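Look it over, then read on.

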Amino acid sequence: MLEKLFQLSRFGSNWRTEVLAGITTYLTMAYIIFVNPAMLADAGMDRGAVFVATCVAAAIGCLVMGLWANLPVALAPGMGLNAFFTYGVVLGMGYTWQAALGAVFLSGCLFILLSLFKVREWAINAIPDTLKKAIAAGIGTFLALIALKNAGIIVDHPATLVTLGDVTQFGPAMAILGFFLVIAFVQRNVPGAVMLAILLVTAAAIMFGKVEYHGVVSTPPSIAPTFMQMDLAAALDVAMLSVIFAFLFVDLFDTSGTLIAVTQRAGLIKEDGQVPRLKQALMADSTATVAGAVLGTSTTTSYVESAAGVAAGGRTGLTAVVVGVLFLLSIFFAPLAGMIPAYATAGAIFYVSILMLFTLKDVNWDDLTEAAPVGVVLLLTPLTFSIAHGITLGFITYALAKVLAGKTHELSGAVWVLSALLLLKVIFVR
């Protein structure tokens, strides 16, 4: 049956290798079941319900990816997008979390249409490569600010807006410890490095009486508080269009980049450079996003941590299926997830933010028309506390810089249109 479903021998693999690869991938990304509920709880959502929604949405995405696309790529609610959901849309723009879920649902539906009608290629090619690099790095700086704020390492100040907090306090000190534990574990190739660091910091918090122990395993919490709670009417508000665009835009390029990176690592890329069964893979991603919004979580996307499973020998969808099954089993560990304090995940989030800065090495810093938009996105995404604002201002800067430098021939028609629309949005939509 496994041979028929996944063609294991064709890809030079076997079920034992695929199961091991699936376990490896799960361990590298399981931190999301602790981080995502904590982050969305700040938006007012029920933490237990989000925990279940996170696990089930990840399982759906992994199972569809494995059984339909037959690729060793795992999915779960994405870092960065969950931060934008809570701190950008809900706390920053003042929308309800139900409206934010509606925006996630609509962005997933649009993603499905883009995948069905092959608009994806046009959309990806329309965005300048410089801005793609800038957005990834901008989300990284946004995550860094959130991690430092949640840990109390950076605090508000009436004169300077922000300043260094008291890092000798238990919370900030544990966040710093967690960050260095991640570095040590990753560099030493310890399996499940990020999750292990989170659990060790939580254990220290329990030992010092900062967190009350509630057990590890229990029946899953009710998903009722978040299930089918999307407010589609509010999400269709004109001011929310940029939010839907931001969810869609980031997910589209994050997914495409991840699929390319992981399949290249696995040696699955076709001779023409295309990702095999790309349409099915994109449909898995978009379907999981829609399902996640229905269940009650932010955008679900492909995880670059899948490369860890590929390095362990994963070559087929069986790897993704194993990850999906493990996420389903995780719903019984709700008490453990509920005990994880914010400072325990802060170090992990800061680590992820650093990984997202790698795109900056490919920016042409000698050309100001390329460097200026990157700088705008990189700095204004965290300083405006909004991925949407960062993308908007980066697009406008890119177009204006090219025009003022006499390089209008480098602007595509799509960039002209998108920049004009975003400029109008900044001027007229508050």
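Q: Which helices do the buried residues of H18 pack against?
A: This is a predicted model, where local features need pLDDT of at least 70, side-chain atom pairs count only at pLDDT 80 or more, and totals for chains, interfaces and linings use all residues. Residues are numbered from 1 along each chain as its sequence is written, and side-chain values use heavy atoms, with hydrogens and water left out. Packing rests on contacts, meaning heavy atoms within 4.5 Å. The buried residues of H18 pack against H8 and helix H19 (387–404).

Q: Which residues of H18 are buried?
A: Buried means under 20% relative accessible area, exposed over 50%, and partly exposed in between, with a 1.4 Å probe and protein chains only. The buried residues of H18 are Thr 369, Glu 370, Ala 371, Pro 373, Val 374, Val 376, Val 377, Leu 378, Thr 381 and Pro 382.

Q: How many of the residues of H8 are buried?
A: H8 covers residues 129–151 and reaches 34 Å from its first C-alpha to its last, close to the 33 Å expected. The helix is largely enclosed by the rest of the structure, because its buried residues number 17 of the 23.

Q: Which residue with a positive phi follows H8?
A: The phi in question is near 80°. The residue is Gly 152.

Q: Is Asp 285 buried or exposed?
A: Asp 285 sits in helix H13 (residues 278–295). Among the residues it touches, not counting those up to four places away in sequence, are Phe 111, Asp 251 and Thr 300. Its relative accessibility is 0%, so Asp 285 counts as buried.

Q: What is the radius of gyration of the chain?
A: The radius is taken over C-alpha atoms, and the globule rule is 2.2 Å times the number of residues to the power 0.38. For 430 residues, a compact globule would have a value near 22 Å. The chain agrees, at 21 Å.

Q: How many helices and strands are in the chain?
A: Both are DSSP runs, numbered from the N terminus: helices are H or I of at least four residues, strands E of at least two. The chain has four strands and 20 helices.

Conventions. Expected span 1.5 Å × (residues − 1).
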